[in-house]
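I want to go through the side-chain contacts and the strand pairing here.

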Amino acid sequence: MAMRVTVANLSGYTVELDIEETDTLSSLVFKIADVFAVPTTQVGLAHGPRRFTPEDLQSRLRSLGVESGSCLTLIQHGLGLLREDMPPTARVVADERANYVDPVTGKVVVGKVTYVDPAMAGSRPPPSSAVPSFRSIPAQTSKKSKRAKAPSPPRSYAARRSDEHISHKNESGSSVGALVLAGVVFVLVISVAVWFGFGSYEVTAVLADATWERSITPERSELTEHEGWAPPCTPYQYRNWQRGDDVKWVESQGQRIHHYEPIYEDQWTVEHYTEQVVSGQQQRCHTAQVYSHTDVLQFADGTSEHRPVYKDEQVCTMEPTYESVPRTRNMRTSVQVGSDPIYREYYRWAVYEWHRLRTVIASGRRSDGGNGPYWPDVHLGRWERANIRSEQYSLMFEESGGRRLYTQHVDERQWRKAGIGDHFRLRLSVFGNLQGYDLLSEEA
């Protein structure tokens with residue numbers, strides 16, 4: 001029986017050697033030294049960050065009870081070196097030689113040690129983002145086996161449908177959000193383009209006419225009677241001259257109902273309801289993955305890996321059961337049983353107030369050739385005044401060619417400055433509204 005192994009130096013150069021049943025450790029050391037042209041003292045076994053010389057290997061074989069120096073025996077029992085990496089409480093249940101391709105890493109497995117760690121008893125597999133867990137699967141001894149991912153437990157149909165629904169919902173939500181955002185951006189771009197690029201345009205026009213209007217609204221002080229809850233002053237204040245000059249008289253009309261305040265009374269009623277109480281217990285079971293053992297894989301390149309293996313196990317727990325029990329309780333509620341009238345003093349009074357009279361208006365056009373703006377004549381009588389005044393001035397532009405008329409309200413200074421026949425440049429909005437004007441003669 002023979003075995004082909006891969007030997008590598010520190011520079012990464014590898015050579016495959018055939019080990020026969022008759023080869024001893026010493027002959028193998030000489031073979032390796034001859035291939036790499038190095039002294040025999042530089043040949044050893046690498047395990048992770050540690051290095052072992054041939055003497056170390058011989059002593060470890062003797063500690064394992066292996067007297068023979070066969071290299072095949074070394075490979076078969078040398079996995080005992082890996083036990084130094086196991087937890088102190090670990091219990092080895094299998095120590096075997098292997099020769100297959102690991103489906104996870106794609107490396108060649110030359111040995112496997114199986115142990116049980118009591119500290120991990122009852123533990124569950126770590127989350128998917130952590131180190132992957134493994135189930136017990138038959139070793140693939142075929143040389144043509146390809147690298148594959150770690151097997152995962154099958155998912156139910158409902159779980160797969162739920163994932164598909166969530167994925168479709170997320171994709172739909174993202175699409176709708178993108179469309180809404182694109183629509184908002186499009187509207188903003190169009191609005192800015194319309195405002196700055198097409199928001200206004202200019203035409204030339206001539207001042208066709210100018211109009212003005214002034215008005216005065218006279219007022220008269222008249223004695224007015226009122227009644228209510230809040231007079232300008234009380235009769236007592238009126239008698240003691242604690243009043244305004246416009247108050248003529250104040251009289252009390254006695255107590256009257258101002259509003260009503262509700263009267264409440266506490267009443268007790270019986271309320272029926274149900275309450276959930278514990279009636280017993282029932283056993284609920286489900287299938288879960290729990291720790292089974294750990295496999296230590298020794299690869300042909302000298303590295304190793306500890307893999308915890310989990311098995312499906314039925315986990316049962318006792319959960320309480322509930323039942324609905326009818327109950328009654330006394331409830332206190334406030335019920336309105338009536339209302340109390342609230343009285344306050346009611347008054348009548350008379351005060352002098354200003355009342356507006358008919359408005360007097362004066363207006364005109366510059367094209368009529370009349371006098372400029374003036375205030376209309378108002379004849380005031382006793383207890384009358386003329387404090388309310390208003391004025392309005394307008395310019396009427398005619399677009400060149402007589403296509404349209406535009407009216408612009410201005411102040412008195414602008415109205416007097418503009419003359420009939422003057423040419424202006426008008427700024428119009430996209431809707432044809434007059435936004436402003438400039439006198440062409442001033443620019444020239």
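Which ring does the charged end of Arg 389 sit over? I looked it up: the ring of Trp 375, with the charged end 5.1 Å from the ring centre. For the record, a charge sits over a ring if NZ of Lys or CZ of Arg is within 6 Å of the ring centre and within 35 degrees of the ring normal. I also noted Lys 107, whose charged end sits over the ring of Phe 299 at 5.3 Å from the centre.

Ground rules before I go on. This is a predicted model, where local features need pLDDT of at least 70 and side-chain atom pairs count only at pLDDT 80 or more, while totals for chains, interfaces and linings use all residues. Residues are numbered from 1 along each chain as its sequence is written, and side-chain values use heavy atoms, with hydrogens and water left out.

**Disulfide**

I found one disulfide in the structure, taking the term as a pair of cysteine sulfur atoms within 2.5 Å. Cys 285 is joined to Cys 316, S to S 2.0 Å. The torsion about their S-S bond is about 110°, so I wrote the disulfide down as right-handed. Cys 285 lies in strand β8 (residues 247–299) and Cys 316 in strand β9 (residues 304–356), so the pair ties together parts 31 residues apart in sequence. My helices (H or I, at least four residues) and strands (E, at least two) are DSSP runs, numbered from the N terminus.

Next I checked burial: buried means under 20% relative accessible area, exposed over 50%, and partly exposed in between (1.4 Å probe, protein chains only). Cys 285 comes out partly exposed at 37%, and Cys 316 is partly exposed at 34%. Cys 233 is buried, at 3%.

**Asp 295**

I then stopped at Asp 295, which lies in strand β8. Asp 295 counts as buried at 13% relative accessibility. Its side chain makes a polar contact of 3.0 Å with that of Thr 114; a polar contact is a pair of N or O atoms within 3.5 Å, where within protein one must be able to donate a hydrogen and the other to accept it, and residues adjacent in sequence count only if both atoms are side-chain atoms.

**Aromatic pairs**

Rings of Phe, Tyr and Trp (its six-membered ring) pair if their centres lie within 6.5 Å; planes under 30 degrees apart count as stacked, over 60 as edge-to-face and the rest as tilted. I get seven aromatic pairs by this rule. In one of them, Tyr 393 and Trp 415 have ring centres 5.9 Å apart and planes at 50°, so the pair is tilted. Tyr 393 is in strand β11 (residues 384–399) and Trp 415 in helix α6 (residues 412–417), 22 residues apart. Tyr 393 is buried at 3%, and Trp 415 is buried at 4%. I next looked at Phe 424 and Tyr 437: centres 5.7 Å apart, planes at 75°, so edge-to-face. Phe 424 sits in strand β13 (residues 423–429) and Tyr 437 in strand β14 (residues 434–439), so this pair ties together parts 13 residues apart in sequence. Ring pairs link Phe 397, Phe 424 and Tyr 437 into a cluster.

**Strands around β13**

Strands pair if DSSP finds at least two bridges between them. I see β13 antiparallel to β14 over five bridges, with Leu 428 and Leu 434 as bridge partners. The two strands form a hairpin with four residues between them, and Gly 432 in the turn has a positive phi of about 85°. Strand β7 (residues 200–228) also pairs with β13, antiparallel over seven bridges; there, Glu 202 has Arg 427 as its bridge partner.
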